[in-house]
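Take a look at the model below.

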Amino acid sequence: MTSPYELSDEMPVYVISVAANLSGMHPQTLRGYERVGLVVPRRTAGGGRRYSMRDILALREIQRLSQEEGINLSGIKRILDLERELEHARLMAAELHAEVAQLRAELESTRAVAARLAELRRTKADPAAALVPVRTTTRVTFWQPPAARDDHQGTSE
């Protein structure tokens, strides 16, 4: 969300009467669906139900499956559970594909370094100079912690 005033599909904002109206059901039907675990609205501190737009869409799908497809509530619950599992598996697959792509890039980089090392070994060149190019104008400064400087100063006197 870009603004604290924007609502996401997950934000529980609708009271039961509004959710029932938006889904085309009676509030008692929503309570029954909650009892069997088809839809689980969030609760306020006072215990009131709050439904999100995602809950409303799920309620509409439950109604469609029940009325148009003739599926009973236990069948609908199973369908919804399987759809959630499928969505979770899709997200996991996308994450794994991204990780595989990253690992392939790292492997290609490692192979390039290995090839360069093999080439340097064949030519007997100085690997440090060839692998890490350093400009001749570059200065290198070594830092020593204060305790180490004191130790070195004590030994040189």
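The text below goes from the overall fold to the core and then to one helix pair.

This is a predicted model, in which local features need pLDDT of at least 70, side-chain atom pairs count only at pLDDT 80 or more, and totals for chains, interfaces and linings use all residues. Residues are numbered from 1 along each chain as its sequence is written, and side-chain values use heavy atoms, with hydrogens and water left out.

The protein has six helices and two strands. Helices (H or I, at least four residues) and strands (E, at least two) are DSSP runs, numbered from the N terminus. Their order from that end is α-α-β-β-α-α-α-α. Of the 157 residues, 14% are buried, meaning under 20% relative accessible area with a 1.4 Å probe, protein chains only.

The largest nonpolar core holds 15 residues. Such a core is a set of buried Ala, Val, Leu, Ile, Met, Phe, Trp, Tyr and Cys residues joined through side-chain atoms within 4.5 Å. Leu30, Leu38, Tyr51, Leu59 and Ile62 have the most contacts inside it. H1 (16-23), H2 (27-36), H3 (53-67) and H4 (73-123) each give at least two residues to this core. H3 supplies the largest share, four residues. Beyond its neighbours within four places in sequence, Leu59 is in contact (heavy atoms within 4.5 Å) with residues including Leu30, Tyr33, Val39 and Tyr51.

How do H3 and H4 meet? Their axes, lines fitted to C-alpha atoms over the stretch in contact, come within 10 Å and cross at roughly 130°. H3 and H4 are therefore oblique to each other. Ile62, Leu65 and Ser66 of H3 make the contact with Ile76, Ile79 and Leu80 of H4.

Terms used:
Buried means under 20% relative accessible area, exposed over 50%, partly exposed in between (1.4 Å probe, protein chains only). Axes are lines fitted to C-alpha atoms, for helices over the stretch in contact, and angles run from 0 to 180 degrees between N-to-C directions. Angles under 35 degrees count as roughly parallel, over 145 as roughly antiparallel, 65 to 115 as roughly perpendicular and the rest as oblique.
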